[in-house]
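Take it topic by topic and find each spot as you go.

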Amino acid sequence: MRRGRLLPAALIAGYAFLYIPIALLVATSFNPSRLTTVLSGFSLTWYVALWHDRKLIDAALLSLRIAALSATAATVLGTLAGVALARFGRFRARGLFASLISARLVLPDVLVGLSLLLLFVQSEQIFGWPADRGALTITLAHISVSLSYVAIVIEARLSDAGTDLEDAAQDLGATPLSAFLRITLPLLTPALLSGWLLAFTLSLDDLVVATFTSGPGASTLPMVVFSAMKLGITPELNALATIILLAVTAALGAVWLLQRRLSTASTLR
Amino acid sequence: MNRALVLAPLWLWLTIFVVLPVLLVAALSFSTAIEAVPPFTPLLASPDPANYALLTGDAYYLDAFLKSLLIASVSSLCCLAIGYPMALAIARAPERWRSLLLLLVMLPFWTGFLLRITAWIGLLRDDGWINLALIQFGIAPLKLLYTDLAMYIGITYAYLPFMILPLYARLSRRDPALEEAAADLGATPWTIFRTVTLPLSLPGIVAGLALVFIPAVGEYVIPELLGGPGAQTIGRALWNEFFANRDWPMASAVATALLVVLLVPMTLLRTRE
């Protein structure tokens, strides 16, 4: 069986393609030399420099605030949309509803950014609100993008789970609302968690939509990183990337373990 | 649950934040840029197709569109070539390994777009890791960063998970009995792949290609950071009209044209679902 070895080899090569650049970046971040390729020992020089970079820290804090706020709102709205898609049967204009949700997933960032900016500008012209653009408009823009991702995650989970448990609860006399709160919502916990995390990272990661919808004074982390990159990579960015990588790996690992425990628990029951 | 109570706010939200903004872009594309706040003549006051005349008349925009379509096509095929064997290998792995293997595909995606590009700049730059290795082997260093090659690598790298996930979703649902039956009847592994596995995974291939192709057409960041001055894509043209020239109506015309071009693959993606 030649193919028996060919596929795992392709998989390993694929992972190498994905991880070698990241591994080299992590290695570079501990190298004290400004020249990427002069390896002169292990040092935390760039982590210290990062710690003292006020502009970058402020931008990171702003980004974290926007990400937490937009992810929470997007999870609420996205869950409602996901429930509607998975549980409401063939409601009126369902096809259009689903298209509008999924349109956001595939529209290019430049189009989303420009279109939302125009919305905010027109709204300011007509209603005088929002008076200036910044954290608030970026947050609204991020909610509208992330909502779709959360909706897809929730819909997928609900379709997988089927309606047996909810039907049983209602047969036993639960109202639809209490069946939702006591059966569906707990069932959704892992999906809610990964939906929130997805929305959070999407917001943290977004450059294009934020640049369009931001105003003077509000610079998110990707905006500051991007302008630094255009001037040439500083080793500080490698240190920043390593820290984010660690945080993301820890968070994803925790979610993965939690999901595995929950699914093992439900198969045991 | 009262369905109307759930659906009404969602419809309102989608109307305001999805439908209305796109309509505004379309409307603005018929205005003219002026020195004012906001920098354009009132919407639909005197619709003027001048922007579209420029869009179709000036080779700059047509070239940018063609370049973007080429970049998106090549990149999505590269993603397919790398992603298909990976998705198939994961789908055939023992079940308890699969979620971990998928997580490993997703992990780079979660670490941040700009940081992944940072990693590639570290590899590709003139004094980067690849040239360092070349010099070690006595080969003259190459100009890699700010070339089309760097841009293709960057886009393929950034969008690979979008290819693998729909492919895996399709391949993991295939019935192994079909492949076993073909093998029992004497088919070689290659024949089984060509006549059973591949045709059954076709919807996944279409979805994966569309999911990479669509965002790649409008991509701005990667051509800007990794591509050379020749990588004039439509995303960059739109960005420059807006931020450098402050010509919002022209940027809107470019955006509208982009949307129209993308409607074909978007419809393809929806009908396949």
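This is a predicted model: local features need pLDDT of at least 70, side-chain atom pairs count only at pLDDT 80 or more; totals for chains, interfaces and linings use all residues.

Pro130(A) sits in the loop that links helix 5 and helix 6 of chain A.

- You'll find Pro38(B) in the loop between helix 1 (3-28) and helix 2 (50-57) of chain B.
- Ala93(A) is not a glycine, yet its phi is positive, near 60 degrees.
- Look for Ala93(A) in the loop between helix 3 and helix 4 of chain A.
- Is Ala93(A) buried or exposed? Ala93(A) counts as exposed, because it has 11 C-beta neighbours inside 10 Å, and the cut-off for exposed is 12 or fewer.
- Tyr146(B) also has a positive phi, about 60 degrees, without being a glycine.
- Tyr146(B) belongs to the loop between helix 6 (129-136) and helix 7 of chain B.
- Tyr146(B) has 19 C-beta neighbours inside 10 Å, so it counts as partly exposed; a residue needs 20 or more to be called buried.

**Chain B as a whole**

- Chain B has 13 helices and 0 strands.
- Read from the N terminus, its elements go α-α-α-α-α-α-α-α-α-α-α-α-α.
- The C-alpha trace of chain B spans about 70 × 70 × 35 Å along its principal axes.
- Of the 273 residues in chain B, 45% are buried.
- Take the contacts in chain B between residues at least 6 apart in sequence: 70% of them join residues at least 24 apart.

**Where the two chains meet**

**Two helix pairs to compare**

- In chain B, the axes of helix 3 (residues 59-92) and helix 7 (residues 148-171) come within 7 Å and cross at roughly 45 degrees.
- That angle is why helix 3 of chain B is called oblique to helix 7 of chain B.
- The crossing of helix 3 and helix 7 of chain B is right-handed, and their contact has 22 nonpolar, 3 polar and no charged residues.
- In chain A, helix 6 (residues 135-161) packs with helix 8 at an angle of about 155 degrees, and their axes are 9 Å apart.
- So helix 6 of chain A is roughly antiparallel to helix 8 of chain A.
- The crossing of helix 6 and helix 8 of chain A is right-handed.
- Among the residues making this contact are Tyr149(A) and Val153(A) of helix 6 of chain A, along with Ala191(A) and Leu198(A) of helix 8 of chain A.
- By class, the contact of helix 6 with helix 8 of chain A has 12 nonpolar, 5 polar and 1 charged residues.

- The largest nonpolar core has 154 residues, and the ones touching the most other members are Leu114(A), Ala87(B), Met163(B) and Val254(B).
- Helix 7 of chain B gives the most to this core, with 15 residues.
- Which residues does Val254(B) contact, leaving aside its neighbours within four places in sequence? They are Leu55(B), Tyr61(B), Ile234(B), Ala237(B), Leu238(B) and Glu241(B).
- Helix 12 (residues 234-244) of chain B is mostly covered, with 8 of its 11 residues buried.
- The buried residues of helix 12 of chain B include Ile234(B), Ala237(B), Leu238(B) and Glu241(B).
- After helix 12 of chain B comes Arg246(B), which has a positive phi near 50 degrees.

Note on methods: Residues are numbered from 1 along each chain as its sequence is written. Chains are lettered from A and ligands numbered from 1 in the order in which they are written. Helices (H or I, at least four residues) and strands (E, at least two) are DSSP runs, numbered from the N terminus. Two residues are in contact if their C-beta atoms, placed from the backbone, lie within 7 Å. Axes are lines fitted to C-alpha atoms, for helices over the stretch in contact, and angles run from 0 to 180 degrees between N-to-C directions. Angles under 35 degrees count as roughly parallel, over 145 as roughly antiparallel, 65 to 115 as roughly perpendicular and the rest as oblique. A crossing is left-handed if the near helix is turned anticlockwise from the far one by less than a right angle, and right-handed if clockwise. Ala, Val, Leu, Ile, Met, Phe, Trp, Tyr, Cys and Pro count as nonpolar, Asp, Glu, Lys and Arg as charged, and the others, Gly among them, as polar. A nonpolar core is a set of buried Ala, Val, Leu, Ile, Met, Phe, Trp, Tyr and Cys residues joined through C-beta atoms within 7 Å.
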